[in-house]
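Work through the exercises below with the model open. Try each task before reading its solution.

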Amino acid sequence: MDEWERRFLTQWELEHTTSFLPASTSRDSWQFYGLSYGIDGNTAMYRATGKVQYLDRALLYVNNVVNSARDSWSLSGGQFKDVYRGWASQHPETRGQEVPLYESYCWRYVTRLLRVIRETPALYNTPRYRAQYHRLLEFSEIDIFEKWLRRGASIHIYRENTHMASHWAAIAMNLSLLTTDATRKARYLEVLNNINRSLPNHSSSLREQLGASPVNEAAFFWNDSWGTHSRPGQDVSHGNAVVAFIIEAYEAGVEWTEDDVRALTVTLDSVIWPADEQYAKYVDGSGRGNGWFNDGFMKLGRYDIHLQRRLENHSVGNNTQFYGNAALNVRLLSEKSAR
């Protein structure tokens, strides 16, 4: 774990000053897409080491983003003009608009960070962390989840493909574990269960999409389009989001099981990444991919020491998100072996 932290620190300040800090104050929701990696990487490194400097860095980014939010009615190019707070995208294709994808992509990791604070007594019992936690939780419940739910769940939450819907599944799950409001909790669980089991606007669900791989029955295969099961299926790059959600749900004891995680591990280790520097583009093992596993697949290393050792020599995507989660993998593997 010390070696992963050393690698993490070689890029920590550079990524902070050139990428993550400017994105956090940009008021541009498109930049929250990339910022999410900084939040996830720092949260993971805190969980691996217990050093609050990493937690504080993640909180700095989230507080900056929340502080930059503006009333929807005041956003000149916004399409909603309601009472919720948010940000306008500056991406050329969505300039001036409020975009649920950019916010949900980031907020799955914001809500995971909040769980770390709430589930760590030493943090939650410290006034400065507890105050930040409650402020950020309130924003997450109202100006992220409630906002997009009321604007139209079928359009903005029950999205048109597996990976975009998985962002909201993660947010709903995390908020269901945090909220003290019974009505809100019921709403979060309804959304989570709908995505997992029975979407109201599509003839499928995440559970129905995932099945045995046509090339290895011990692995998973899924198509990202609801109700479709044809090859080549989900592309690996976007599939990372689905895997990241399933891992978090499994660890929280929600829906997904050890068998599911094992099947995903086989999917990466044998189908997507059959040999070093040989990467598939799709989850059926076809196409030529780029080996980007940071945002989901590489987190499977925490369940398989063989896979974790392969990741030690993986040269793609070596940034703080990769290093932070690699360190967390080691921590969790060590805890498991000690039990």
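**Exercise 1. The fold as a whole**

How many helices and strands does the protein chain have? Then judge its overall dimensions and packing.

Solution. This is a predicted model. The protein chain has 14 helices and 4 strands. Next, take the dimensions. The C-alpha atoms fill a box of roughly 50 × 45 × 40 Å along the principal axes. A compact globule of 339 residues would have a radius of gyration near 20 Å, and the protein chain has 19 Å, which agrees. Now turn to burial: 58% of the 339 residues count as buried. Residues 24 or more positions apart account for 66% of them.

**Exercise 2. Surface and charge**

Solution. The protein chain exposes about 13700 Å². Carbon and sulfur atoms supply 49% of that area. For the charges, count 37 positive and 39 negative. Their mean positions are 4 Å apart.

**Exercise 3. S166**

Is S166 buried or exposed? Identify its partners too.

Solution. Start with the location: S166 sits in helix α8, residues 162–178. Its relative accessibility is 1%, so S166 counts as buried, the cut-off being under 20%. Set aside neighbours within four places in sequence. S166 is then in contact with A241, V242 and F245.

**Exercise 4. I247**

Which residues does I247 contact, leaving aside its neighbours within four places in sequence?

Solution. I247 belongs to helix α11, residues 236–252. It counts as buried because its relative accessibility is 0%. The contacts of I247 are G296, K299, L300, R302 and Y303. Take G296 as a check on distance. I247 and G296 are 49 residues apart along the chain, yet their C-alpha atoms are separated by 8.1 Å.

**Exercise 5. D269**

With which side chain does the side chain of D269 make a polar contact?

Solution. D269 is in helix α12, residues 258–272. With a relative accessible area of 14%, D269 is buried. The polar partner is the side chain of H306, at 3.4 Å. Beyond neighbours within four places in sequence, D269 is in contact with P274, H306, L307 and R310.

**Exercise 6. Backbone features in loops**

Where is P232 found?

Solution. P232 is in the loop between β4 (220–221) and α11. The peptide bond from R231 to P232 is cis, with omega near 15 degrees.

Next comes E255, in the loop between α11 and α12. Its phi is positive, about 70 degrees, although E255 is not a glycine. At 25% relative accessibility, E255 counts as partly exposed.

Key
Residues are numbered from 1 along each chain as its sequence is written. This is a predicted model: local features need pLDDT of at least 70, side-chain atom pairs count only at pLDDT 80 or more; totals for chains, interfaces and linings use all residues. Side-chain values use heavy atoms; hydrogens and water are left out. Helices (H or I, at least four residues) and strands (E, at least two) are DSSP runs, numbered from the N terminus. The radius of gyration is taken over C-alpha atoms; the globule rule is 2.2 Å times the number of residues to the power 0.38. Buried means under 20% relative accessible area, exposed over 50%, partly exposed in between (1.4 Å probe, protein chains only). Contact means heavy atoms within 4.5 Å. Accessible areas come from the Shrake-Rupley method with a 1.4 Å probe; for residues, only the protein chains shown count as cover. Lys and Arg count as positive and Asp and Glu as negative; His and the chain ends are not counted. The place of a charge is taken as NZ of Lys, CZ of Arg, CG of Asp or CD of Glu. A polar contact is a pair of N or O atoms within 3.5 Å; within protein, one must be able to donate a hydrogen and the other to accept it, and residues adjacent in sequence count only if both atoms are side-chain atoms.
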